[in-house]
Amino acid sequence: MPNKVMITVRIGKAKDNEFVVDDPYVSRYHAKLTKNEQGELFIEDAESTNGTFVNSDRVIRKRITATDVVMLGNYMLNIRDALKYDNDYSEEFAALKQVYDSYIREKIRIQSSNQFKTRLFQSLPFAVIGVVGLIVGLVGKSNHTLIIVSLVLAVCAPTVGIYLGARQSAKIPELLQNIANQFKIDYVCPKCGAFLGEIPWESLANKKQCPVSSCRAKWVKK
């Protein structure tokens, strides 16, 4: 039993094609691009004048992949654009929800983790001073060496703690900037590539389409 066809895209110069190509070497009804349930792609020539070619070989009907070079006469067909003839990018847009959620989780993790470490570095020296003070109290004030050590710690430990805490805090902007840079690459309109900002995915979904006038990709099926 043949695989069921899920998408059929007629390609040509005529306006009633799903994918219209305004090129002198493309016939009015040049070819047909189909995609079945298994995701297999086929290109079929529609008795065009200048022929349909796959990787330089003229074909009548041939299974293709997204990496094949398909020529309609002298026109190179962008397979991805042809399959998106109806401007429907809802599937790709849905995947951006995970991108946004992962970014927010990682951002919170970095901030909370570094805040904990910063406070730990800043408070630990005071705990050390308290322990030394307790030891001095138990041993007695007659141990001059221990008293001197405790005085040195009382002076130096807070300084060291403040330094380590400040150093840990200084790491936060760089870590946040690194994930923000990657976020700007990943959280973009699946068609035009425009960065979507830090707007929650749900808010963008309510817009239903890309606001860029030259794009207007459909993000959500109506």
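Colleague: Which residues lie nearest the centre of the largest pocket, and how many residues line it?
Modeller: In this predicted model, the largest pocket has 18 lining residues, and those nearest its centre are I7, K35, L83, K84 and E91. A pocket here is an open set of points on a 1 Å grid over the protein atoms alone, where a 1.4 Å probe fits and protein lies on both sides within 12 Å along at least five of seven lines, while lining residues have an atom within 4 Å of a point.

Colleague: And which elements each supply at least two residues of that lining?
Modeller: Strand β1 (5-12) does, and so do the helices α1 (79-83) and α2 (90-139). Helices (H or I, at least four residues) and strands (E, at least two) are DSSP runs, numbered from the N terminus.

Colleague: Before we go on, what should I know about the numbering and the model?
Modeller: Residues are numbered from 1 along each chain as its sequence is written. As the model is predicted, local features need pLDDT of at least 70 and side-chain atom pairs count only at pLDDT 80 or more, whereas totals for chains, interfaces and linings use all residues, and side-chain values use heavy atoms, with hydrogens and water left out.

Colleague: How many helices and strands does the chain have, then?
Modeller: There are four helices and nine strands, and from the N terminus on the order is β-β-β-β-β-β-β-β-β-α-α-α-α. Of the 222 residues in the chain, 34% are buried, where buried means under 20% relative accessible area, exposed over 50%, and partly exposed in between (1.4 Å probe, protein chains only).

Colleague: Let's take β4: why is this strand described as largely enclosed?
Modeller: Strand β4 covers residues 41-45, and four of these five residues are buried, so the strand is largely enclosed by the rest of the structure.

Colleague: Which strands does β4 pair with?
Modeller: Strand β4 pairs with β3 (residues 31-36) in the antiparallel sense over five bridges, and with β7 (residues 61-64), again antiparallel, over four bridges; two strands count as a pair if DSSP finds at least two bridges between them.

Colleague: What lies between β3 and β4?
Modeller: Four residues lie between them in a hairpin, and G39 in the turn has a positive phi of about 85°.

Colleague: Which residues other than glycine have a positive phi?
Modeller: Among them are E47, with a phi of about 55°, and N87, with a phi near 65°. These values deserve a look because most residues other than glycine have a negative phi.

Colleague: Are those two buried or exposed?
Modeller: E47, which is found in the loop between β4 and β5, counts as exposed at 78% relative accessibility. N87, by contrast, is in the loop between α1 and α2, and N87 is buried, with a relative accessible area of 16%.

Colleague: What about D88, where is that one placed?
Modeller: D88 is in the loop between α1 and α2, and D88 is buried, with a relative accessible area of 15%. Leaving aside residues up to four places away in sequence, D88 touches K218 and K221, where a contact means heavy atoms within 4.5 Å.

Colleague: Last topic: what order do the strands of the open sheet have?
Modeller: The open sheet has four strands in the order β6-β5-β8-β9, with antiparallel pairing. The edge strands are β6 (57-59) and β9 (75-77), each of which pairs on one side only. Within the sheet, β5 (residues 52-54) and β8 (residues 70-72) are joined over three bridges, and T52 has L72 of β8 as its bridge partner.
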